[in-house]
Each structure stands twice: as structure tokens, then as C-alpha cells.
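Hi everyone, and thanks for coming. Let me put the sequence and the structure up on the screen, and then we can walk through them together.

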Amino acid sequence: MIFFYGIGHASEGVFSHIAPKINSTDFFKTTLQRLENEKQIYSDFVNDKEKYENQTGYKVLRLKNLEINHKGKNAVFIQHYEPFTGHGTKIGHYYRHLYQTVKYVHSQENKLFTHEVKYDYVKMLRAQLSNFEQVILYYNSICVLGNAWITNDYIKNYHLLTNLPLSFADFGIKPEEKFKAEISANPNFFDWETLKNSFV
């Protein structure tokens, strides 16, 4: 939700409405405070950068990357733009359109629209997703905002994440854990699972 809505005045109401139990936990409050501090550091940096750029003989300050450790893994956020402002305005419409397209194909009841035909249409749509778009689709589907991808079985029935580079989704619950039952039923649920043994 932070990735999608960002942090700040506008997102506070969203968090308390969508996830009141999570929003009231000390962990969430501490996380938001940490990110607010990073946002302030960035704001201070931008102000100083403009000041130093206007003077000759000074090098432009370089903002320190934000490093986050989680379960022994290290994620580095390279700050080239204001952090934690949210990406909903950039990608919200994209994933809503993607969802509605899959929903439309899935809902067709015409005799000509067998599951195989529907699968082929969605497969063409899936082929247009970049690796990173699939990663965002994965995180969107396990979040309350996009859970309908899973509850309606669109990801399962149309193998929407089959080409997901599993190593890219390295924060939070891993795709192999989230879709353990699907992998058990179909070992080829993720192409990356079959690829890892192909060079032996």
C-alpha cells in the first residue's frame, strides 16, 4: 500500500480506511516514521542541492542510498526522485485496465470461447508484460488492493505469472511460498522453476 499510495497526509486516510488493524500497529507507525524521515532527508538534500548548484566551486551533494535489511536480504533504494510519494497515479490505471481485460475475456460465455481460446487471448496479453511489470502484478495480487487476481483464480487459470523472474520478487512472501499449492498441482506453474535445472 505504501508503494501504491505513498506516505503523507493523503495516504493516512486511505490506510486507516483499508487496513485499520495494520494502520494502528506500532510496527506500521514506526515504519511510516522511518520513511517520513527519509523523505525529509531527501527534501533537505534537494534544497541544499539547489543552493550549491547556484554557487561556483562547489560539488553537488550526492544523496545517500537507503538500505533496508529484511530477513537477511539487503534491498537498496537509489534515490533519484522524491521517495515514498506513491506510484498509484502512474500505474493504477494500467493494472486496472489489465484486470478488466482479463475479466472480460474470462466472462465470455460464447461456445466459441472455450477455456483454450480464452487462455490464448490472455496469453497474448501476458506476453506484453515486462519482467518488472510481472513483479508489480505479483505484489499487487498479494495486497488487499489487487487480491481479486487470486480470489478469481485469474493468475492460476491463465498462468499470468508464469514468466515471473522469481529472484526479482525478493521482499516479503516469496512467490514459491504464496503459490505452493499451485506449484504442487503443476510443477510448471513458474517457468523459472523448470529453468533452474536446465543447465545441469
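I'll go from the overall layout to the cores, then a pocket, and finish with a few loop residues.

First, some ground rules. This is a predicted model, where local features need pLDDT of at least 70 and side-chain atom pairs count only at pLDDT 80 or more, while totals for chains, interfaces and linings use all residues. Residues are numbered from 1 along each chain as its sequence is written, and side-chain values use heavy atoms, with hydrogens and water left out.

So how confident is the predictor? pLDDT is its confidence in each residue, from 0 to 100. The protein averages 81, and 82% of the residues score at least 70. Helix α2 (residues 9-18) has the lowest confidence, with a mean of 70, and helix α8 (residues 148-151) the highest, at 96.

Now the layout. The protein has 12 helices and two strands; these are DSSP runs, numbered from the N terminus, with helices being H or I of at least four residues and strands E of at least two. Along the sequence, the pattern reads α-α-α-α-β-β-α-α-α-α-α-α-α-α. Of the 200 residues, 30% count as buried, which is under 20% relative accessible area, with exposed over 50% and partly exposed in between, using a 1.4 Å probe and protein chains only.

Let's look inside. Which residues of helix α7 (residues 131-141) are buried? They are Gln134, Val135, Leu137, Tyr138, Asn140 and Ser141. Their cover includes α5 (88-107), α8, α9 (154-158) and α10 (175-178).

Leu137 turns up again in the largest nonpolar core, which has 25 residues; Leu137, Trp149, Leu160, Leu161 and Phe190 have the most contacts inside it. By nonpolar core I mean a set of buried Ala, Val, Leu, Ile, Met, Phe, Trp, Tyr and Cys residues joined through side-chain atoms within 4.5 Å. Helices α5, α7 and α9 each supply at least two residues of this core, and α5 gives the most, with six. Apart from this core lies another, of eight residues, including Ile2, Leu35, Leu66 and Phe84.

Take Leu160 as an example. Leaving aside neighbours within four places in sequence, its contacts include Val122, Arg126, Leu137 and Trp149, where contact means heavy atoms within 4.5 Å.

Next, the second largest pocket. α5 gives the most to its lining, with five residues. Among the lining residues are Phe4, Tyr5, Tyr95, Tyr99, Asn140 and Trp149. A pocket here is an open set of points on a 1 Å grid over the protein atoms alone, where a 1.4 Å probe fits, with protein on both sides within 12 Å along at least five of seven lines; lining residues have an atom within 4 Å of a point.

Finally, the loops. Most residues other than glycine have a negative phi. Asp153, in the loop between α8 and α9, has a positive phi near 65°. Is Asp153 buried or partly exposed? Asp153 counts as partly exposed, because its relative accessibility is 33%. His159 also has a positive phi, near 45°, and is found in the loop between α9 and α10. Gly172 has its place in the loop between α9 and α10, and its C-alpha atom is 9.0 Å from that of Tyr139, 33 residues away along the chain.

That's my tour, so over to you!

Key:
pLDDT is the predictor's confidence in each residue, from 0 to 100.
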